[in-house]
Amino acid sequence: MKNFDRSRRDALKLMGLGTFSLAATGFKIGALSSYKAKIGLQLYTVRKALEEDFEGTLRKIADIGLA
């Protein structure tokens, strides 16, 4: 069985190689900041509010941009 333990020096070399490869390919960190995550809501989370006011609850969920 091959030993997979690495020294700190090996880990630093691998991190440096990874950083270089990202820089060499033109990877831009700023590109990640333009990513907008899609967020969802399960109606089970607001089930009690739905029991009291179904349409009003759905309207509020839509107003905050989750529908």
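Predicted model: local features only at pLDDT ≥ 70, side-chain atom pairs only at ≥ 80, totals over all residues.
Residues are numbered from 1 along each chain as its sequence is written, and side-chain values use heavy atoms, with hydrogens and water left out.

To stay with T57, the side chain also has a polar atom 3.0 Å from the backbone oxygen of A49. T57 lies in helix 4, where helices are DSSP runs of H or I with at least four residues, strands are runs of E with at least two, and both are numbered from the N terminus. T57 counts as buried because its relative accessibility is 9%; buried means under 20% relative accessible area, exposed over 50%, and partly exposed in between, with a 1.4 Å probe and protein chains only. Leaving aside neighbours within four places in sequence, T57 is in contact (heavy atoms within 4.5 Å) with V46, A49 and L50.

Now to the helix as a whole. Helix 4 covers residues 54-63, and its buried residues are G56, T57 and I61. Seen down the helix axis, these buried residues fall within an arc of 140°, so they line one face of helix 4, the arc being that of the directions from the helix axis to the C-beta atoms. What covers them includes helix 3, residues 47-52, whereas the face turned away from the buried side carries the exposed residues E55 and D63. At the start of helix 4, a side-chain oxygen of D53 comes to within 3.2 Å of the backbone nitrogen of G56, and after the helix comes G65, with a positive phi near 95°.

Let me turn to the loop between helix 2, residues 30-33, and helix 3, which is where L41 lies. The C-alpha atoms of L41 and I61 are 8.6 Å apart, although the two residues are separated by 20 residues along the chain. With neighbours within four places in sequence left aside, L41 is in contact with V46, I61 and L66. L41 counts as partly exposed because its relative accessibility is 32%, and L58, which has its place in helix 4, is also partly exposed at 32%.

Of the 67 residues in the chain, 6% are buried.

Terms used
Polar contact = N/O pair within 3.5 Å; in protein donor to acceptor, adjacent residues only side chain to side chain.
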